[in-house]
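Morning, everyone. Let me put the model on the screen, and then we'll walk through some side chains.

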Amino acid sequence: EDLPGLRLHHSVPPDISPNIVVVGAGLSGAVLADRYARVLGKTVLVIERRPHIGGNCFDYLDPETDVLVNLYGAHLFHTKHAEVWEYLQQFSGWVPYHHRVVGRVDGKVVPIPVNIDTVNILLGTNITSKREMTRWLSKNQVRPPGGREPRNG
């Protein structure tokens with residue numbers, strides 16, 4: 001199915017005289033092609049060997065189950081640049097994802113690496129600040145034999 005301003009072909013049409021040829025319609029190729037066409041007003045020919053654009057970010061809805069399938073595995077995207085996020089938002093909706101690393105200790109799920117929340121959950125404390133955590137550690141930390149500092153940092 002063609003998208004606005006995009007014609008999909010299985011071979012190079014004879015009426016195409018591109019200003020630039022982009023090989024690969026993955027994330028990088030698709031962005032370059034888009035920027036050349038929309039910002040610079042160039043005619044772009046994109047050559048892609050797969051039967052879809054988007055590269056490894058390609059998803060599709062399974063027609064039998066209506067479940068979104070990540071054909072090449074899950075895609076995690078993060079950026080601290082608002083303009084990058086806004087640019088990508090125009091092409092697709094995104095499913096929010098919050099990465100959490102946790103461990104299970106005595107049947108409790110706790111954050112890893114250890115932090116204030118880990119201590120509160122495991123030991124039933126109510127520490128709310130770094131200052132309180134430092135005070136708690138100075139009273140409860142077990143030092144190596146002889147009282148020396150640990151060698152592993």
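Start with Thr118. At 2% relative accessibility, Thr118 counts as buried. The scale here: buried is under 20% relative accessible area, exposed is over 50%, and partly exposed is in between, with a 1.4 Å probe and protein chains only. Thr118 is found in helix 3, residues 116-123. Helices are DSSP runs of H or I, at least four residues, numbered from the N terminus. What does Thr118 touch, leaving out residues up to four places away in sequence? Val110, Pro111 and Pro113. Contact means heavy atoms within 4.5 Å.

A word on ground rules. This is a predicted model, so local features need pLDDT of at least 70 and side-chain atom pairs count only at pLDDT 80 or more, while totals for chains, interfaces and linings use all residues. Residues are numbered from 1 along each chain as its sequence is written, and side-chain values use heavy atoms, with hydrogens and water left out.

Next, charges. A salt bridge is a side-chain nitrogen of Lys or Arg within 4 Å of a carboxyl oxygen of Asp or Glu. How many salt bridges does that rule give? The count is 2. Arg38 meets Asp34 at 2.6 Å, N to O. Both lie in helix 1, residues 27-38, and they are 4 residues apart, about one turn of the helix. Asp34 also meets Arg35, at 3.7 Å, N to O. Buried or exposed? Asp34 is buried, at 12% relative accessibility. Arg35 is partly exposed at 36%, and Arg38 is partly exposed at 48%.

Now the rings. Rings of Phe, Tyr and Trp (its six-membered ring) pair if their centres lie within 6.5 Å; planes under 30 degrees apart count as stacked, over 60 as edge-to-face and the rest as tilted. That rule gives 3 aromatic pairs. Among them, Phe58 and Tyr60 have ring centres 6.3 Å apart and planes at 25°, so this pair is stacked. Phe58 is partly exposed, at 22% relative accessibility. Tyr60 is partly exposed too, at 31%. Tyr87 and Phe91 form an edge-to-face pair, 5.2 Å centre to centre with 70° between the planes. Tyr87 is buried at 16%, whereas Phe91 is partly exposed at 47%.

The charged end of Arg50 sits over the ring of Tyr72, 4.1 Å from its centre. The test: NZ of Lys or CZ of Arg within 6 Å of the ring centre and within 35 degrees of the ring normal.

Conventions:
Helix = DSSP H or I, 4+ residues; strand = E, 2+ residues; numbered from the N terminus.
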